[in-house]
Amino acid sequence: MSKNSVTIVDNRNGNQAEFDILDPTIGSPAIDIRKLHGELGLFTYDPGFQATASCKSDITYIDGDKGILLYRGYPIEQLAAHSNYLETSFLLMYGHLPSNVEYHEFVGIIKRHTMVHEGLKQFFNGFHHDAHPMAIMVGVVGAMSAFYHDSLDINNPRHREISAHRLLAKMPTIAAYSHRRAYGLPLLYPRNDLDFIENFMYMMFAVPSEEYKVDPIAVQAMRLIFILHADHEQNASTSTVRLASSSGANPFACISAGIASLWGPAHGGANEAVIRMLEEIKDPDEIPKYIERAKDKNDDYRLMGFGHRIYKNYDPRAKIIRQACYDLLEIMDNSNQPLFNTAKQLEKIALEDDYFLERNLYPNVDFYSGIILRALGIPLNMFTVIFAMARTAGWISQWLEMMEDKEQRIGRPRQIYTGAAPRDFVDLSKR
Ligand code: ACO
């Protein structure tokens, strides 16, 4: 019997089998149960994959108990302090920090891919004027596969790389257009003299009749949001991208699936839901009422922006962004002040309440990113779009990694069937 193994005994019949334990660089080891069904005729039951590693990955490491997040080994705190989004994207995609030459070459490549096909732009006219920008994102990003055929051979590493570059580069353009469609504003061409974040802000907010001045405070806050959201290992949307890709589907379709998954309020939709919640609460005196609702077992109501599946002590991203949020609110005197006061009081009350303390429910990154985006004047329905843009770096990196992983198989979970046992069809006249 190997020391680095686990023996599983089926107590019903005494059958037993030995399974290897796989050791990661850091973190919890995992039992390799690939042969479980073959050896013992058993499946595992794990809804929500709370105890299941679906892949091996070199990209991102999270220790939820200690509040650690590493991209390719680098602590998120250091990247947030010293890096920018494209450098972080390079790191995620290629596994190392770029040299000076590599960095400038990468920035140049991404800049040259920011425009979208003129035919693709026509799609924006077809959406209903009040379509949610995430609905537009799901559609248009998926439709990219109808335009960029020249890089769709997923078995060709160069094609994969070009598709990844296109996705990263065009996402801000598509995002800005999905916003401007709702306001009937002209779709502006990207400007290559601006950096990645500045260019997105320009395409979102500029009008052709006036010179647009990029606000450095807004760019700095966005830079932080983009780095903090760039990847988060096998979360729901990333797992969706991997699952969709496991069938050999093209990357544009798969990232579109990831965007759809991100849209949900328990995932990327949370920052939008935070502001809706704060708007609903309105008066800080009403907070106790909402806290009671969140604690009530018979009420589905949850405090948005609180809790995390993995971080059970604190979310390191929330710690970084909380400071940025408070700094921003100090210098920005705007009409949202009452809303921010409600947020601050909610944060304080929840952090002192036993219900939240016992369940380790702390404000997560979305609680603060929602407040920052509101302070910057980003429309509410664009919050999750910004998350999607930032997460594109992670999605394409995970996809590129998966495409090289010889152990990957088509994703095909099993089930515990709880339906009817075999029975005979009854003719309609006899029912
Ligand atoms: N408000 C009130 N109670 C909560 C909340 C909340 N936001 N989150 C969890 N709980 C309670 C649950 O009712 C449960 O209580 P119980 O043990 O008495 O039954 C306990 O805390 C554990 O909750 P689970 O749902 O089992 O925790 P899980 O890890 O599955 O869920 C999740 C994590 C989905 C993030 C959850 O905390 C939530 O819905 N939060 C609000 C939405 C949100 O902010 N999502 C953003 C996530 S971060 C991201 O995507 C970047």
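Strands β5 and β6 make a hairpin with two residues between them, and arginine 72 in the turn has a positive phi of about 50°. The model is predicted, so local features need pLDDT of at least 70 and side-chain atom pairs count only at pLDDT 80 or more, while totals for chains, interfaces and linings use all residues. Residues are numbered from 1 along each chain as its sequence is written, and side-chain values use heavy atoms, with hydrogens and water left out. The protein chain has 18 helices and six strands; helices (H or I, at least four residues) and strands (E, at least two) are DSSP runs, numbered from the N terminus.

**Overall dimensions**

- The C-alpha trace of the protein chain spans about 80 × 65 × 60 Å along its principal axes.
- Of the 431 residues in the protein chain, 47% are buried. Buried means under 20% relative accessible area, exposed over 50%, and partly exposed in between (1.4 Å probe, protein chains only).
- Among contacts in the protein chain with a separation of 6 or more, 69% are between residues 24 or more positions apart; a contact means heavy atoms within 4.5 Å.

**Sheet β4-β5-β6**

- Three strands form an open sheet in the order β4-β5-β6, with antiparallel pairing. Strands β4 and β6 stand at the edges with a single partner strand each, so one side of each is left without a neighbour in the sheet.
- β4 (residues 60-63) and β5 (residues 68-71) pair over four bridges in the antiparallel sense; two strands pair if DSSP finds at least two bridges between them.
- Across this pairing, threonine 60 stands opposite tyrosine 71 in β5, and the bridge partner of isoleucine 62 is leucine 69.
- The hairpin of β4 and β5 has four residues between the strands, and glycine 67 in the turn has a positive phi of about 70°.
- Two bridges join β5 to β6 (residues 74-75), which run antiparallel. Proline 75 in β6 is the bridge partner of leucine 70.

**Sheet β1-β2-β3**

- Another open sheet has three strands in the order β1-β2-β3, and its pairing is antiparallel. Here β1 (5-9) and β3 (30-31) are the edge strands, each with a single partner strand, so one side of each lacks a neighbour in the sheet.
- β1 and β2 pair over five bridges in the antiparallel sense, with isoleucine 8 opposite alanine 17 in β2.
- Six residues lie between the strands in the hairpin of β1 and β2, where glycine 14 takes a positive phi near 80°.
- β2 (residues 16-22) pairs with β3 over two bridges, again antiparallel. Isoleucine 21 stands opposite isoleucine 31 in β3, and leucine 22 stands opposite alanine 30.

**Helix α15**

- Helix α15 (residues 337-352) has 16 residues and should span 22 Å at 1.5 Å a residue; its end C-alpha atoms are 23 Å apart, which agrees. The expected span is 1.5 Å times one less than the number of residues in the helix.
- Leu339, Phe340, Thr342, Ala343, Leu346, Glu347 and Ala350 are buried in α15. Seen down the axis of α15, these buried residues fall within an arc of 155°, so they line one face of the helix. The arc is that of the directions from the helix axis to the C-beta atoms.
- Pro338, Lys348 and Glu352 are exposed on the other side of α15.
- The cover over the buried residues of α15 includes α12 (270-281), α13 (287-295), α14 (316-331), α16 (354-358) and α17 (365-375).

**Nonpolar core**

- The largest nonpolar core has 115 residues, of which Phe200, Met222, Leu303 and Leu346 touch the most other members. Helix α18 (residues 383-404) gives the most to this core, with 12 residues.
- A nonpolar core is a set of buried Ala, Val, Leu, Ile, Met, Phe, Trp, Tyr and Cys residues joined through side-chain atoms within 4.5 Å.
- Not counting residues up to four places away in sequence, leucine 303 touches Met277, Tyr290, Ile291, Ala294, Leu346, Ala350 and Phe356.
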